[in-house]
Amino acid sequence: QAKREAEAYIAESRSKLTETLARRTRQAEQKIGQAEAAAVKEVRATATEIAIAAATQLAGDAMKGAKGASLIDESIEAVKARLN
């Protein structure tokens, strides 16, 4: 009888261990998925910031000198035309 009880205890322990390992594996996979999603979001945000900074720099460079003055004058005339 003691042998049967020991075998039953071993079987139950193995079953519980298998369940625990499966649960922890799922949890780890979820955490990895969340970390990947956060990394993608961070990369996209950084890429957006870089694009905005580059566009700002390019727009600022385009507004310098005679060409910039010409663009400003054209923009003012366009606004005046739309308002009238």
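A search of the whole structure finds 2 salt bridges, a salt bridge being a side-chain nitrogen of Lys or Arg within 4 Å of a carboxyl oxygen of Asp or Glu. The structure is a predicted model, in which local features need pLDDT of at least 70 and side-chain atom pairs count only at pLDDT 80 or more, while totals for chains, interfaces and linings use all residues. Residues are numbered from 1 along each chain as its sequence is written, and side-chain values use heavy atoms, with hydrogens and water left out.

The protein has 2 helices and 0 strands; helices (H or I, at least four residues) and strands (E, at least two) are DSSP runs, numbered from the N terminus. Helix 1 covers 2-62 and helix 2 covers 65-83, with Met63 in the loop between them.

What is the radius of gyration of the protein, and what would a compact globule have? The value for the protein is 33 Å, whereas a compact globule of 84 residues would have one near 12 Å. This radius is taken over C-alpha atoms, and the globule rule is 2.2 Å times the number of residues to the power 0.38. Along its principal axes, the C-alpha trace spans about 100 × 30 × 5 Å. Of the 84 residues, 1% count as buried (buried means under 20% relative accessible area, exposed over 50%, partly exposed in between, with a 1.4 Å probe and protein chains only).

Turning to the charged pairs, side chains of opposite charge can pair when their charged atoms come close. In helix 1, Lys16 and Glu12 are 4 residues apart and so separated by about one helical turn; their closest N and O atoms in the salt bridge are 3.1 Å apart. Lys16 is partly exposed at 49% relative accessibility, and Glu12 is partly exposed at 42%. In helix 2, Lys80 and Glu77 are 3 residues apart, again about one helical turn, and their side chains meet in a salt bridge at 3.9 Å, N to O.

A nonpolar surface patch of about 310 Å² is made by Met63, Leu71, Ile72 and Ile76. Such patches are made of residues with over 30% relative accessible area and no salt bridge, with like charges joined within 9 Å and nonpolar side chains (Val, Leu, Ile, Met, Phe, Trp, Tyr) within 5 Å. Met63 itself counts as partly exposed, at 41% relative accessibility.

Key. Accessible areas come from the Shrake-Rupley method with a 1.4 Å probe; for residues, only the protein chains shown count as cover.
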